[in-house]
Amino acid sequence: STQTAKTDTSTALIGLFDGITATKKNRFASSTQTEKKQHNVCVLGAGLMGAGIAQVSAERGMNVVLKDRDAKGVAKGIKYIGDNLDKKVKKRRLSVYERNLTIARVQGYDENMLSGYERKVKNTHVVIEAVFENLQLKHDVLSQVEKLVSNNCIIATNTSALPITNVAQGLKKKDRVLGMHYFSPVPQMQLLEIIPHAETCDDALRIAFQVGIDQGKTCILVKDVPGFYVNRALAPQMAEIGPLFADGVDPAKLDAAILDLGMPVGPITLLDEVGADVALHVQNTMIADPTMENRMDGADPTMLQKIVDNGWLGRKSGKGFFLYNTKGKSKKKEPNQKALDFVQNELKQRDLDIPLLDIQDRYLARFVNEAAVCLQEGIIDSPQDADLAAVFGVGFLPFTGGPFRMLDARGTASYVDRMHFLADTYGSRFSPCQLLLDYAKSGSKFYPLS
């Protein structure tokens, strides 16, 4: 019977499917335009992000120019793509012929090959810059390429922390500039945040969305604010790690609690994957944003700074809270005892013996509240966009369908009551935002029709 078939989980998963289907349509395309033309893409910076962007473009039939400073950087980027494709060949998801065809679509250039590069770039529809997070460097790189490309070409930056307005400031074709924020690793992560600034024209947005859709990404429109949407909602959640350590929750217990909740990775593993240096950079950016008010409370940059100073950057440095260069293929990660001692001896202040549910809700509620603030402030357009981005950007409890479907299923009023309890017990950073209070009071749903 239909009654047994329809559950919160089935509603959530159908909602996600509908959301993905909706994002396959370019919201900026006019009905008269036929869009499916082949794009030429130029990616500046052949590091992990740049090479990943080049890969997903080439796999979908786009011609790619991949540029880096020197031959070594270019070779490393192309090797990364080749290695990723070889894994697919090994798993029989790709033929050798298709692998070679994909690699052939990526042409590498460095500073010593400028004449060939300049000829190629003239026919580019999209430039995607993926160099280091340094505004001056981005200005230098983009003002160079801006002189070479056609007037119709869009200029995108893959920054995760710099305001798009500031990147556009150094350029002449400001109306063609926007943010295309991919998530790492690009070939695996489905989400793409597209961020216009005040002067970005609709045509630039149309092209950016089409390129993203053609790359197989789920594209979400986001306002130009620090952290955009996903990192903005993630920052208060990651800020809760410090207070949980202080209250006596050790790293292993914290990861286990969040995995038990249904997240794909625990916060400690996530920190190691992202890198403590990157987490510190994002945390400082968000603390500096006055519009966050008290919602970054509990953030402890000195803790992250010490972790960085000790060289515990995570997977990329071989050790974080876990050790990564240990021999053998064991799936179980070995903890870094020095990092655990640091938590125990320097960060722990009391032993509250916090119930499992409180640990889980303290971590989750901070994301949910910030997602609601983003909807309230118009940083993101709709509950559906917010849910898709949360699930595909950070793996937010996929079976709930995202924070807003979860609120509908649980009842916003009962979730708000729970947040008031957390605020009374653990501090005002858990106070629900106005939008949640309004929905709790009226009994409204974020998805009235499902």
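Reader: Why does C219 count as buried?

Author: In this predicted model, C219 has a relative accessibility of 3%. Buried means under 20%, so C219 counts as buried.

Reader: How do you know that C219 is in no disulfide?

Author: A search of the whole structure finds zero disulfides. For C219, the nearest cysteine sulfur belongs to C201 and is 17 Å away.

Reader: How do you know that the buried residues of α16 line one face of the helix?

Author: The buried residues of α16, residues 337–347, are A339, F342, V343 and L347. Seen down the helix axis, they fall within an arc of 95°, so they line one face. In general, an α-helix has 3.6 residues a turn, so residues three or four places apart point the same way. On the other side of α16, K338 and N345 are exposed.

Reader: Which helices do the buried residues of α16 pack against?

Author: They pack against α11 (241–246), α12 (251–261) and α15 (301–309).

Reader: What puts the buried residues of α12 on the same side of that helix?

Author: The residues in question are P251, L254, D255, A257, I258 and L261. They cover an arc of only 160° around the axis, and that places them on the same side of α12. A252 and D260, on the other side of α12, are exposed. The cover over the buried residues of α12 includes α11, α13 (267–274), β9 (322–323), α16 and α17.

Reader: Why is α12 called roughly perpendicular to α17?

Author: The two helices pack at an angle of about 80°, with their axes 9 Å apart. Angles of 65 to 115 degrees count as roughly perpendicular, so α12 and α17 get that description. From α12 the contact takes K253, L254, A257, I258, D260 and L261, and from α17 it takes L356, I359, Q360, Y363 and L364. Sorted by class, this contact has eight nonpolar, one polar and two charged residues.

Reader: What makes α19 and α20 roughly perpendicular to each other?

Author: The axes of α19 (residues 403–410) and α20 (residues 412–426) cross at roughly 100° and come within 6 Å. The range for roughly perpendicular is 65 to 115 degrees, and the pair is therefore classed that way. M406, L407 and R410 of α19 make the contact with T412, S414 and Y415 of α20. Those residues divide into three nonpolar, two polar and one charged.

Reader: Why does E293 count as exposed?

Author: Exposed means over 50% relative accessible area, and E293 has 65%, so the word applies. E293 lies in the loop between α14 (276–287) and α15. Its phi is near 45°, a positive value in a residue other than glycine.

Reader: How do you know whether D353 is buried or exposed?

Author: D353 has a relative accessible area of 60%. The cut-off for exposed is over 50%, so D353 is exposed. D353 sits in the loop between α16 and α17 (356–376). Phi of D353 is near 50°, which is positive in a residue other than glycine.

Reader: What is the omega of the bond that joins S184 and P185?

Author: Omega is about -5°, and the peptide bond is cis. P185 lies in the loop between β6 (177–182) and β7 (191–196).

Reader: How do you know whether L171 is buried or exposed, and where is L171 found?

Author: L171 is found in the loop between α8 (164–169) and β6. Its relative accessibility is 3%; under 20% means buried, so L171 counts as buried. Leaving aside neighbours within four places in sequence, L171 is in contact with L142, S143, E146, I155 and V177. S143 is 28 residues from L171 along the chain, and the C-alpha atoms of the two are separated by 5.9 Å.

Definitions and conventions:
Residues numbered from 1 in each chain as written. Predicted model: local features only at pLDDT ≥ 70, side-chain atom pairs only at ≥ 80, totals over all residues. Heavy atoms only, no water. Axes fitted to C-alpha atoms, helices over the stretch in contact; angles between N-to-C directions. Helix = DSSP H or I, 4+ residues; strand = E, 2+ residues; numbered from the N terminus. Parallel < 35°, antiparallel > 145°, perpendicular 65-115°, else oblique. Contact = heavy atoms within 4.5 Å. Nonpolar A, V, L, I, M, F, W, Y, C, P; charged D, E, K, R; others polar. Disulfide = S-S within 2.5 Å. Buried < 20%, exposed > 50% of the residue type's maximum accessible area, 1.4 Å probe, protein only. Arc of directions from axis to C-beta.
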